[in-house]
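Reader: Can you walk me through this one? I'd like to go side chain by side chain.

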Amino acid sequence: MRKSNYDKKPCTRVDGSVVCGWDRIISTLDAVWANESTWVIDLYCGTYEEDFINAFAKTGRRIIDTRSLMRPEPELHQLTERFMTDDVLFGYMSNVRLEEYFDVAKLSDLKIGTEELCIIIGTGAAFVAQSIFCVQSPTVCYADMARWEIQQRFRRHEVKALGIDNHEDSPSVQYKRGYFNDWNIVDRYKDKLMQNGNIEFWIDSNRRDAPKMITDAQMRQGLERTVHSPFRVVPFFDPAPWGGQWMKEVCDLPREEVNYGWCFDCVPEENSLYLEVDSVLFELPSQDVVLAHTRELLGQQVWHRFGKSFPIRFDFLDTMQGGNLSLQVHPTNEFAQMEFGLPYTQDESYYLLDAGKDAVVYLGLKEGIDKVQMIEDLRAAQRGEILFDAEKYVNKLPAKKHDHYLIPAGTIHCSGHDSMVLEISSTPSIFTFKLWDWARLGLDGKPRPINVERGKFVIQWERTTSFVKSQIANHFEVICEEDGIKEERTGLHPNEFIETRRHTFTRPVEHDTRGGVNVLNLVDGEAALIESPEGNFAPFEVHYAETFIIPACIGRYTIKPLGGVCMTIKAYVRPNLS
């Protein structure tokens, strides 16, 4: 374990200045919109709506709260119940549109005089303005948020769902509504506003005590600069019941936390981006660059297959001085499509950034097991009648630093204690069926949900020891080896659409996106420099354990070691499957 200069606040620099604080935000809008009788302040769901209403009420204008114009909560529950289901964790991906949330009669009854000064505030404010004024393209100030901050507010029971006051629900239920319903609805709506050019100003509402505002021109400049250079999203770290101590030291995190189990180092739907404006960090969801520059970021073929969805996910799982992850399985594509409405499932792999001397990976089933008995034992363990004997049924493999274990959906797996895993996977991030959690409680002091009854339908029983050894455990292939450079193919399994390549090098390595997005991590070495042979972007420095994105539009790039031997792992979508 070694401390690195891991950058927790990567950013893209943007010209101009930023407007900070409610008073300055309002005075700036007042100066620009002085002749506008109606202001439109649209909010992403999860913002502190009352803060906006209270701040703008000081203008003396009439405040119209969009939540008050939505259909009654019982109707909205009925509208969304087929997507929410009665499951504690899982729902079905919603196809509801934001317009369906609004009450036609309330909109028709809303009377605003031509001379009346008013402010429409809330999610769907632009739609309300269009409805009551018949204006096709209202000018909007949009308050945006990253999903990770919304999740923190769920945990503190501080915010409401789209059209529904569910702030007293458990964080998992709030998250489920956000994931399966609210965020999809509002992202589609926001994307339309962005594409139509409705937004004139953006507000960063991630910090309650520090609202910030920039112009749409600055926002577009930031996204444009981001997508034409290597970039990193803002990582976030979280404790876990099995969490370890590696990230605390290597990434220089607060020592007072008991552990850190997770780091989302590249999950654009969840992470945020920083734009640095006049030495001030302006935070926005990293999904915004996916929405605004889909084809430049993903590439034509990847966009054609995945649409406005970033398909590759890198995250950290830290069990160093911690415990085992849950024994788990991910749904097959068929199951994910039928049961959850997903376009694709969570195939993945474990790359060992580091490992203790007793590190292990549980992977695949042993030969000749009784699958009926295994399911019965898992059920009995779930009831608390026995401790499940994982080693009776599942392969337990010694693991060491730089091993790579491939985990196509349907394969039973689990990272053991004293491991530091870089998880490389497709993007769906919550579709894990826990089969056994080692009889421990979650951080909330309650048992974590177990999904034996779902898991039994997706376990691929033929993936036994022989399959593991021949196809998914350290299945390396040397592609080329020359003076100072070694390239290896490390997977993933043919069932998975992600290809991975590892480079070990002491001199610059030439890469080419070949029209598809690349995601890399510096898995060994202190630092490296990414450069454009044509000088198309400024040299970009990365450090040990940092994940970085190379947009498809970059094409050729080189990675140069900054002292000593470096090693990267690169993931991309296989072109022949795009």
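Author: Let's settle one set of words before anything else: buried means under 20% relative accessible area, exposed means over 50%, and partly exposed is in between, with a 1.4 Å probe and protein chains only. This is a predicted model, where local features need pLDDT of at least 70 and side-chain atom pairs count only at pLDDT 80 or more, while totals for chains, interfaces and linings use all residues. Residues are numbered from 1 along each chain as its sequence is written, and side-chain values use heavy atoms, with hydrogens and water left out.

Reader: OK, so is R556 buried, exposed or partly exposed?

Author: R556 has 39% relative accessibility, so it counts as partly exposed. R556 is found in strand β30 (residues 556-561); strands here are DSSP runs of E with at least two residues, helices are runs of H or I with at least four, and both are numbered from the N terminus.

Reader: What does R556 touch?

Author: Setting aside residues up to four places away in sequence, R556 touches H511, D512, P533 and E534, where contact means heavy atoms within 4.5 Å. The side chains of R556 and E534 are also joined by a polar contact of 2.2 Å. A polar contact is a pair of N or O atoms within 3.5 Å; within protein, one must be able to donate a hydrogen and the other to accept it, and residues adjacent in sequence count only if both atoms are side-chain atoms.

Reader: And how far apart are R556 and E249 in space?

Author: They are 35 Å apart, C-alpha to C-alpha, and 307 residues apart in sequence.

Reader: Switching to histidines. Where does H402 lie?

Author: H402 lies in the loop between β17 (394-398) and β18 (404-407). Its relative accessible area is 13%, so H402 is buried.

Reader: Which side chain does H402 make a polar contact with?

Author: That of D524, at 3.0 Å. Beyond four places in sequence, H402 touches several residues, among them Y351, F476, R502 and M567.

Reader: Now aromatics. How many aromatic pairs are in the whole structure?

Author: The search finds 34. Rings of Phe, Tyr and Trp (its six-membered ring) pair if their centres lie within 6.5 Å; planes under 30 degrees apart count as stacked, over 60 as edge-to-face and the rest as tilted.

Reader: Why is the pair of W33 and F201 edge-to-face?

Author: Their planes are at 70 degrees, with the ring centres 5.9 Å apart, so the pair is edge-to-face. This pair links distant parts of the chain, 168 residues apart: W33 is in the loop between α1 (22-32) and β3 (38-43), and F201 is in strand β7 (residues 199-204). W33 is buried at 5% relative accessibility, and F201 is buried at 6%.

Reader: Which residues do ring pairs link into a cluster?

Author: The cluster includes F90, F154, Y175, W183 and F433.

Reader: Which charge lies over the face of W303?

Author: R295 does, at 3.7 Å from the ring centre. R232 lies over the face of Y6, at 5.1 Å. A charge sits over a ring if NZ of Lys or CZ of Arg is within 6 Å of the ring centre and within 35 degrees of the ring normal.

Reader: How many residues are in the largest nonpolar core?

Author: There are 149, and M247, L297 and F310 have the most contacts inside it. A nonpolar core is a set of buried Ala, Val, Leu, Ile, Met, Phe, Trp, Tyr and Cys residues joined through side-chain atoms within 4.5 Å. Helix α7 (residues 171-196) gives the most to this core, with 9 residues. Apart from this core lies another of 19 residues, including I25 and C141.

Reader: How many disulfides does the search find?

Author: It finds 0, with a disulfide being a pair of cysteine sulfur atoms within 2.5 Å.

Reader: Last one: what is the phi of R514?

Author: R514 is not a glycine, yet its phi is positive, about 50 degrees. Its place is in the loop between β25 (509-512) and β26 (518-524), and R514 is exposed at 71%. W438 is another non-glycine with a positive phi, about 60 degrees, and W438 is partly exposed at 24%.
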